Amino acid sequence: MASSIEKVIASTFMEMAQGLESGQYGRRPKIALTGMGSEHGEENSMQAAVMAAKQGVDVYYIGTLEAEGVTTIKVADDEEGHKKMEDMLKNKEIDGAVTMHFPFPIGVSTVGRVVTPAKGKEMFIANTTGTSSTDRIEGMIKNAVYGVIAAKACGIAKPTVGILNVDGARQTEKALKELQSNGYDIAFAESGRADGGCVMRGNDVLQASPDILVTDSLTGNILVKMLSSFNTGGSFEATGFGYGPGIGEGYDELVMIVSRASGAPVIANAICYAAELVRNKVFDIAKREFDAVKKCGFKEVLASYKTVAKPAAAEEEVKEPPKEIVTAQIAGIEVMDLEDAVRALWKIEIYAESGMGCTGPIIRVSEANLAKAEEELKKAGYIN
């Protein structure tokens, strides 16, 4: 009995000492790092492990190198290292892991975290690797929820959501606003550009106008690479936190992704990002968020946007009305729907032309037909 009490006392004093040294109190998160496979050599990975260990994390380095303050688990190669990492996760020997590649199941993708150049502000990119869905729109809608989970797990109580102006942005916006109208507590960011709105342009990416930038995972992956290495010529990712944790409904293994091009500062930040998620119980937050969004019709909204049937106008031969001078613009239309939307207006004898404005695809009509055209496009589901 005495020895058990002594162990508790010793453990408590050790936590206090470590807290005084690092500024982090309580049980230290146990995070593994697979160090082999980096384009910058194994020394780069160990340097990151040492940096993170000084920030109050118990780092388990899976590789061949050793350093003071880091626990090394010796393996022969990268393949053996990944198997060891997966075993440690499965057996709960560690709270999470940072690695350079991982086969996430469909439905799980990662939320990256970057520091933007214009204002030095952090921003979450949802998402950066993995596949939330095989359907583009469904995937982006899910990415928004995944981003909210990651941001809340990093202490942002009410993160703002912006949607990058890529294919699917307008449908994603409509779906998220449907969820909001159903009672889902989601806050939308406002673009820094004069016309505002929650669809983000390049300026907003550089300025971190939203807390969470929603996009598809391929675009998100490119954005992380560019924002992390724009000062180094691309070969060395020097800033940010990497590609983030795999998030998905029912998924409860904390695996963080970095790149083979990630430098020691980024890998160290990824380890600390993992530790922050552990301390704030990311999977408890995920469960609460999924429960909340499902109560607001999440599955029904996903189903309605997963395969959007084209309106009948898209399948019909429609005659072009007589040409008019078109000076009024209607924005907010998905680029893939642009020509179908024009034909929908032609069908009701409104002359319209498609175009590309500075904020994305537009339809041009006469000033006299603007109100009627907007009404028709809203009714047909082309704009909000």
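**Exercise 1. Is K281 buried or exposed, going by its relative accessibility?**

Solution. The model used here is predicted.
Step 1: Locate the residue. K281 lies in the loop between α8 (264-279) and α9 (282-295).
Step 2: Read the accessibility. The value for K281 is 54%.
Step 3: Apply the cut-off. Exposed means over 50% relative accessible area, so K281 counts as exposed.
Step 4: Look at the backbone. K281 has a positive phi of about 55°, although K281 is not a glycine. Most residues other than glycine have a negative phi.

**Exercise 2. Find where A208 sits, and state whether this residue is buried or exposed.**

Solution. 
Step 1: A208 is in the loop between α6 (202-207) and β10 (212-214).
Step 2: The relative accessible area of A208 is 1%. Buried means under 20%, so A208 is buried.
Step 3: A208 is not a glycine, yet its phi is positive, at about 55°.

**Exercise 3. Which two residues does a cis peptide bond join?**

Solution. 
Step 1: The bond joins A126 and N127, with omega of about 15°.
Step 2: N127 has its place in strand β6 (residues 122-131).
Step 3: For background, most peptide bonds are trans.

**Exercise 4. Describe the chain as a whole.**

Solution. 
Step 1: Count the elements. There are 12 helices and 15 strands in the chain.
Step 2: Consider burial. The chain has 384 residues, and 52% of them count as buried.
Step 3: Consider the surface. The accessible surface comes to about 17,600 Å², and carbon and sulfur atoms account for 52% of this area.
Step 4: Consider contacts across the sequence. Taking contacts between residues at least 6 apart in sequence, 69% join residues at least 24 apart.

**Exercise 5. Which residues touch the most other members of the largest nonpolar core?**

Solution. 
Step 1: This core has 96 residues, and I141, L176, I271 and Y273 touch the most other members.
Step 2: Helix α4 (residues 136-153) gives the largest share of this core, 11 residues.
Step 3: Take I141 and leave aside neighbours within four places in sequence. I141 is then in contact with T172, A175, L176, L179, F298, L302 and Y305.
Step 4: Another core, of 20 residues, lies apart from this one; among its members are V318, I333, A344 and V365.

**Exercise 6. How many salt bridges does the structure hold?** Then work through three of them.

Solution. 
Step 1: The structure holds 18 salt bridges.
Step 2: In one of them, the side chains of E276 and R113 meet at 3.1 Å, N to O. E276 lies in helix α8 and R113 in strand β5 (residues 108-115), so this pair ties together parts that are 163 residues apart in sequence. E276 is partly exposed, at 23%, whereas R113 is buried, at 7%.
Step 3: The side chains of E138 and K306 meet in a salt bridge at 3.9 Å, N to O. E138 belongs to helix α4 and K306 to helix α10 (residues 298-306), so the parts tied together are 168 residues apart in sequence. E138 counts as buried, at 10%, and K306 is partly exposed, at 38%.
Step 4: E249 forms a salt bridge with K294, where the closest N and O atoms are 2.6 Å apart. E249 is in the loop between β11 (244-247) and β12 (255-257) and K294 in helix α9, so the pair links parts 45 residues apart in sequence.
Step 5: Salt bridges that share partners join R113, E122 and E276 into one network.

**Exercise 7. Which residues make a nonpolar surface patch of about 290 Å²?**

Solution. 
Step 1: The patch is made by V335, M336 and M356.
Step 2: M336 lies in the loop between β13 (328-331) and α11 (338-347).
Step 3: M336 is partly exposed, with a relative accessible area of 48%.

Conventions
Residues numbered from 1 in each chain as written. Predicted model: local features only at pLDDT ≥ 70, side-chain atom pairs only at ≥ 80, totals over all residues. Heavy atoms only, no water. Patch = residues over 30% accessible without salt bridge, like charges linked within 9 Å, V, L, I, M, F, W, Y side chains within 5 Å. Areas by Shrake-Rupley, 256 points an atom, 1.4 Å probe, with all protein chains shown as cover. Salt bridge = Lys/Arg side-chain N within 4 Å of Asp/Glu carboxyl O. Helix = DSSP H or I, 4+ residues; strand = E, 2+ residues; numbered from the N terminus. Buried < 20%, exposed > 50% of the residue type's maximum accessible area, 1.4 Å probe, protein only. Core = buried A, V, L, I, M, F, W, Y, C linked by side-chain atoms within 4.5 Å. Contact = heavy atoms within 4.5 Å.
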